[in-house]
Amino acid sequence: MTPILEARGLVQQYATGRSLFGKPPSMRAVDGVDLAVREGEILGIVGESGSGKSTLGRMLLGLETPFAGEVRWRGQPMPAPRTDMWRRLRAQMQLIFQDPLAALDRRMTIAAQIAEPLEIHGLMKGAEAAERVAELMARVGLRPDQADRYPHELSGGQRQRVVISRALAMRPKFLVCDEPVSALDVSIQAQVVNLLRDLQEQEGLTMVFISHDLKVVHNICNRVAVMYLGRVVEEGPSGEVFGDPRHPYTRALVSSIPKAGRGLTDRIILQGEPPNPAMRPPGCAFHPRCAIADAACAGEIPELSGHRGRLTACLKQRAIIPATAA
């Protein structure tokens, strides 16, 4: 079955400064990512800050043009940015932002902001748009009397519901959720995650869920891709990746997930900080922090490989002792 969206060899590179002679130094935020998202699933993307998760999400939506590689939508190349075809496709692909207050216009009412995409695309206006706004607000658990309020008059959870309803206004097929619950209290996080899951089931949405919160990702996602320094180092069904992580980096991440009634006595503490992306280590980028790395790891970049949907980029994965179920 053709994926609804596919990334092939995606690279994103940024200049990091100026140089008096020659080319300025550059940094690769995303370094050769291959990814396929199947229709109707929720794919989680996890990793430490600076691993390239958000940059990858923006490229999947066509909001950033890749330095190299391509994104394909339903088997066809992503249209060039700001062309008519690209604008039509934007109605089917939406982004849920990390910071709802920054994503909303503080000078516009909630109702006006939810209706704005409908007006921009010329689909609805007037009474018809107002009816659609009321329907969306009810769908995400907002009261009718909140329609005339401004973002600063709502709680963080209510603002995130506004962002979700705005993203759903065009009846999209694909959502990228970029850290959608990281700025919320734990109790509100659960409400928003349950809302997203219900909407996905009811609308048949396909989602990419970007987060550093592994417990949330395990709870909502069908599959998960683990990123480290711009590369995917492990990918597979969520239950299998969290239950039996095969890459040393994934094992360290999974070991940090709190478990009710159990301490973190088995937690794996990684040494040092993630390397500077502008000064990427040779070979496997994780080898300076890896407890099982050897000379081969410093000399060869491991390819993502495997079978039956379980992919790992590790030369030493056979030496890893299988983890107990998470």
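E6 and E7 pair in the parallel sense over four bridges.

Mentor: This is a predicted model: local features need pLDDT of at least 70, side-chain atom pairs count only at pLDDT 80 or more, and totals for chains, interfaces and linings use all residues. Residues are numbered from 1 along each chain as its sequence is written, and side-chain values use heavy atoms, without hydrogens or water.

Trainee: Why are E6 and E7 said to pair?

Mentor: Two strands pair if DSSP finds at least two bridges between them. E6 and E7 have four bridges, so they pair. Gln94 stands opposite Leu175 in E7. Strands (E, at least two residues) and helices (H or I, at least four) are DSSP runs, numbered from the N terminus.

Trainee: Why is Asp178 called buried?

Mentor: Buried means under 20% relative accessible area (1.4 Å probe, protein chains only), exposed over 50%, partly exposed in between. Asp178 has 12% relative accessibility, so it counts as buried. Asp178 lies in strand E7 (residues 174-178).

Trainee: What does Asp178 contact, leaving aside its neighbours within four places in sequence?

Mentor: Contact means heavy atoms within 4.5 Å. Asp178 is in contact with Ser54, Leu95, Ile96, Phe97, Gln98 and Ile210.

Trainee: Which residues of H4 and H5 meet?

Mentor: Ala111, Ile114, Ala115 and Leu118 in H4 meet Ala129, Arg132, Val133, Leu136 and Met137 in H5. They divide into eight nonpolar, no polar and one charged. Ala, Val, Leu, Ile, Met, Phe, Trp, Tyr, Cys and Pro count as nonpolar; Asp, Glu, Lys and Arg as charged; the others, Gly among them, as polar.
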